Each structure stands twice: as C-alpha cells, then as structure tokens.
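Subject: Structure for you to look at

Hello,

Here is the structure I said I would pass on. Please open it first and keep it beside you while you read the notes below.

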Amino acid sequence: MGGKTRRDGENEEFDGPDEGEAARRIKVFGREFRMPQSRALRIAIGMVLVFCGFLGFLPVLGFWMIPLGLLVLSYEFAKVRRLRRRTVVWWERRRRPSAR
C-alpha cells in the first residue's frame, strides 16, 4: 500500500500531505487546486491575477480575478491572510441565522 519510507528503511503509514504540501493547495467552493512549489511563482500568479482583475472591463478579463489573486497571495503574506480570515468569519456570521 502507500507508505512513506523513513531513513532507517522502515515503512510508516502515511495518510495526510507533507507539511509543505498543505500550504500548496487552495480550496475554492469545495474544489482543491494545487499551487506551484516556488514561492516566487505563487506571488507572481497572485499579482498577475490582481492586476488583470483591475482590467476587468476588457473582454476575457474579469473582476473575478481580484479576489482569486488575493486568495493566492493570502498564502504568502500575513496582512492579506488576515483580511481573508476576517472576510470568511464575516461571511459565515452573515450566513448563519441569528439565534434570537
């Protein structure tokens, strides 16, 4: 079966992703997308998405690229990550019916 080999040659069962692997996946609407391993490439992808999102009035490009670019950047920068978490908390509170 699928096991991970340790340095001493013994196999150990391995169910989850590596520590670094978890940081390279993004979940959007229940779907999981893999991100490149290179930090510079992830930052470049996020910046290009945000920049092209500002050109959303042009054909093919769209304003949907801004939040997607911010989502990619949130895995690299703490300020953007805090903004993302606050937005998720706000959204979940808004969706939850009030307990009154």
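**What was found**

Glu-76 sits in the loop between helix 3 and helix 4. Helices here are DSSP runs of H or I with at least four residues, strands are runs of E with at least two, and both are numbered from the N terminus. This is a predicted model, in which local features need pLDDT of at least 70 and side-chain atom pairs count only at pLDDT 80 or more, while totals for chains, interfaces and linings use all residues. Residues are numbered from 1 along each chain as its sequence is written, and side-chain values use heavy atoms, with hydrogens and water left out.

Is Glu-76 buried or exposed? Glu-76 counts as buried, because its relative accessibility is 12%. The classes are buried for under 20% relative accessible area, exposed for over 50%, and partly exposed in between, with a 1.4 Å probe and protein chains only.

Leaving aside neighbours within four places in sequence, Glu-76 is in contact with Arg-39, Arg-42, Ile-43 and Arg-81. Contact means heavy atoms within 4.5 Å.

With Arg-39, Glu-76 forms a salt bridge between side chains, at 2.8 Å from N to O. Arg-39 lies in helix 2 and Glu-76 in the loop between helix 3 and helix 4, so this pair ties together parts that are 37 residues apart in sequence. A salt bridge is counted when a side-chain nitrogen of Lys or Arg is within 4 Å of a carboxyl oxygen of Asp or Glu. Side chains of opposite charge can pair when their charged atoms come close. Arg-39 is partly exposed, at 44% relative accessibility. Salt bridges also link Arg-39, Arg-42 and Glu-76 in a network.

**Other salt bridges**

How many salt bridges does a search of the whole structure find? The search finds four. Among them is the one between the side chains of Glu-32 and Arg-25, at 3.4 Å from N to O. Glu-32 is partly exposed, with a relative accessible area of 45%, and Arg-25 is also partly exposed, at 26%.

Another joins the side chains of Glu-92 and Arg-95, at 3.6 Å from N to O. These two residues are three apart in helix 4, so about one helical turn separates them. Glu-92 is partly exposed at 39% relative accessibility, whereas Arg-95 counts as exposed at 56%.

Ser-74 is found in the loop between helix 3 and helix 4 (78-95). Ser-74 is buried, with a relative accessible area of 0%. Apart from neighbours within four places in sequence, Ser-74 is in contact with Val-80, Arg-81 and Arg-84.

Arg-84 also lies over the face of Tyr-75, at 4.9 Å from the ring centre. For a charge to sit over a ring, NZ of Lys or CZ of Arg must be within 6 Å of the ring centre and within 35 degrees of the ring normal.

**Aromatic rings**

A pair of aromatic rings is described by the distance of the centres and the angle of the planes. Rings of Phe, Tyr and Trp (its six-membered ring) pair if their centres lie within 6.5 Å; planes under 30 degrees apart count as stacked, over 60 as edge-to-face and the rest as tilted. By this rule there is one aromatic pair. The ring centres of Trp-90 and Trp-91 are 6.0 Å apart and the planes are at 50°, so the pair is tilted. Trp-91 is partly exposed, with a relative accessible area of 39%.

**Surface and helix 2**

Phe-57, Leu-58 and Phe-63 make a nonpolar surface patch of about 340 Å². Phe-57 is in the loop between helix 2 (39-54) and helix 3 (65-73), and counts as exposed at 60% relative accessibility.

Met-47 has its place in helix 2 and is partly exposed, at 48% relative accessibility. The C-alpha atoms of Met-47 and Ile-66 are separated by 9.1 Å, and the two residues are 19 apart along the chain.

**The chain overall**

The protein chain has four helices and four strands, in the order β-β-α-β-β-α-α-α along the sequence. Of its 100 residues, 22% count as buried.

Regards

Definitions and conventions. Patches are made of residues with over 30% relative accessible area and no salt bridge: like charges are joined within 9 Å, nonpolar side chains (Val, Leu, Ile, Met, Phe, Trp, Tyr) within 5 Å. Accessible areas come from the Shrake-Rupley method with a 1.4 Å probe; for residues, only the protein chains shown count as cover.
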